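Notebook open, with a protein chain to look through.

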Amino acid sequence: INAESGVGGFFGAGQYFGRSHVVDLAFEYDIYPSVSLRYRYEFHNENPQITIGPVAGIKTRAVEGGPLDDSIDKPGLLRGTFGMLGAILGFPLGRVLFSLELVYLFPKQNFLLANIGAHFFLF
């Protein structure tokens, strides 16, 4: 199955449990419209100020078929649920964490995604 590489987007909300444990629920459109649940464990470094950590989760298709699957040559053969493993590198600036995340989707069909994001801390 071939998929065009390109730009997608995601919007989510998360919750810190303690200083380092984070759970995020996101609505994404990358290979197809999906919902993902992520857990990450953050290691915070003070000098230089960076955040790094592993990411694990699950991604499932939110909408079947239609024009939103145009980037996939055989959308009916694409799995509806993927596991994900990856890593995050973040740069905190005030109440915003700018991040780069690499995520590997598996099993049987494999994708590597790179996400650039901004996490806003409201409270």
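My entries below go from the ground rules to the salt bridges and then to the core.

**Ground rules.** This is a predicted model, so I kept in mind that local features need pLDDT of at least 70, that side-chain atom pairs count only at pLDDT 80 or more, and that totals for chains, interfaces and linings use all residues. Residues are numbered from 1 along each chain as its sequence is written, and side-chain values use heavy atoms, with hydrogens and water left out.

**Salt bridges.** I looked these up as a side-chain nitrogen of Lys or Arg within 4 Å of a carboxyl oxygen of Asp or Glu. With that rule I get seven salt bridges. Side chains of opposite charge can pair when their charged atoms come close.

**Arg40 and Asp24.** These two side chains form a salt bridge, 2.4 Å from N to O. Arg40 sits in strand β3 (residues 33–41) and Asp24 in strand β2 (residues 21–29), so the pair links distant parts of the chain, 16 residues apart. I took strands as DSSP runs of E, at least two residues, and helices as runs of H or I, at least four, numbered from the N terminus. Buried or exposed? Both Arg40 and Asp24 are buried (under 20% relative accessible area; exposed is over 50%, partly exposed in between, with a 1.4 Å probe and protein chains only).

**Arg38 and Glu28.** Here I found another salt bridge, 2.6 Å from N to O. Arg38 is in strand β3 and Glu28 in strand β2, ten residues apart. Arg38 is buried at 7% relative accessible area, and Glu28 is buried at 6%.

**Lys59 and Asp30.** This salt bridge is 3.1 Å, N to O. It links Lys59 in strand β5 (residues 49–61) to Asp30 in the loop between β2 and β3, 29 residues apart. Lys59 comes out buried, at 0% relative accessibility, whereas Asp30 is partly exposed at 25%. Which residues share partners? Glu28, Asp30, Arg38, Lys59 and Glu101 are joined by salt bridges into one network.

**The core.** I counted a nonpolar core as buried Ala, Val, Leu, Ile, Met, Phe, Trp, Tyr and Cys residues joined through side-chain atoms within 4.5 Å. The largest one has ten residues, among them Ile31, Tyr32, Phe82, Leu105 and Phe111. Strands β6 (81–93), β7 (96–106) and β8 (111–120) each give this core at least two residues.

**Phe82.** What does Phe82 touch? Leaving out residues up to four places away in sequence, its contacts (heavy atoms within 4.5 Å) include Ile31, Tyr32, Leu105 and Phe111, and also Lys59.
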